[in-house]
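Here is a model to go through by question and answer. Each label is set against its cut-off.

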Amino acid sequence: MSAAAAPIVTWLYVPGDRPDRFEKAIAAGADAVILDLEDAVLAGAKGAARANIARFLAERADREPGTTGRPAPQVHVRINAPRGRHGGRDLDALAGVPAPDAVRVPKVDSPDDVDAVVAHVGAATPVHCLLESAAGVENAAAIAAHPRAEALALGEADLGAGLGLRGDGAYGWLRSRIVLAAAAAGLPAPAMAAYVDVADTEGLLASCRAGRDLGMFGRTAIHPRQIPVIRRAFTPTSGDVARAREVVAATEGQAADGAGAIALPDGRFIDAPIVASALRTLALADQLGRDAL
């Protein structure tokens, strides 16, 4: 994990046909804002949404970088399915404006869908792939291995509807599948899909923790009130930090190659991968700025 920048923990969706909400979303405290052209926008409003987003990206490119306060969030754009009528128009619109920090692509079923996006937006714009079908999940490893794919995530609403899944626990194996695919390709841990019950903060927290235990990191939000809950779930706790410090302290003076195992006072044995995990925990706690309660 780079020490230069804190990782993205929260992404906030905002409908592309509501330009009055763009600046409010920017100020809401998320690490990234997703200007949405897909599910949040009705078919008749998609043209206006494209124009709104194009205008916002152009205005953003002309602004002077902020010098005080919290760093400005990244700005991503979620297009429609890349091989559909709306997706093609979305890509044409993005090709003529300053690039967002990433393009979020729904319904990616194969590496060919990534190719279709790169052909429009160029190789410099990160492509985040949403897998929303059985085919997408089955092809997760090939999609993750595409040289221009920079992140994987599940589109759980469409995937759940297509597979007849019920309850948060039904997604465990699917989440693990893309965690493995992302790791094998050297991509970051996948972020979790949006939790649609905005009022259920306890359920959101429990779901985030379950995803975290499977190796996922961060989550998209559909309302600003979800942002602090998600951040809390993925920030190392004071207990996590204490255990990580104990592991690191136990290795002081040991060989740099980490060969062999070391016994802690409580009888636990640690080796090099556990030490590496402890160092990541400490770095993450430092980058996020506090220990969660």
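Helices (H or I, at least four residues) and strands (E, at least two) are DSSP runs, numbered from the N terminus. The model is predicted: local features need pLDDT of at least 70, side-chain atom pairs count only at pLDDT 80 or more, and totals for chains, interfaces and linings use all residues. Residues are numbered from 1 along each chain as its sequence is written, and side-chain values use heavy atoms, leaving out hydrogens and water.

Q: Why is R78 called buried?
A: Buried means under 20% relative accessible area (1.4 Å probe, protein chains only). R78 has 10%, so the label applies. R78 belongs to strand 3 (residues 74-78).

Q: What does R78 touch, not counting residues up to four places away in sequence?
A: With contact taken as heavy atoms within 4.5 Å, the partners of R78 include Y13, D36, E38, D39 and R104.

Q: Why are C129 and C208 called buried?
A: C129 has a relative accessible area of 1%, so it is buried. C208, at 0%, is therefore buried too.

Q: How many disulfides does a search of the whole structure find?
A: A disulfide is a pair of cysteine sulfur atoms within 2.5 Å. The search finds zero.

Conventions: Buried means under 20% relative accessible area, exposed over 50%, partly exposed in between (1.4 Å probe, protein chains only).
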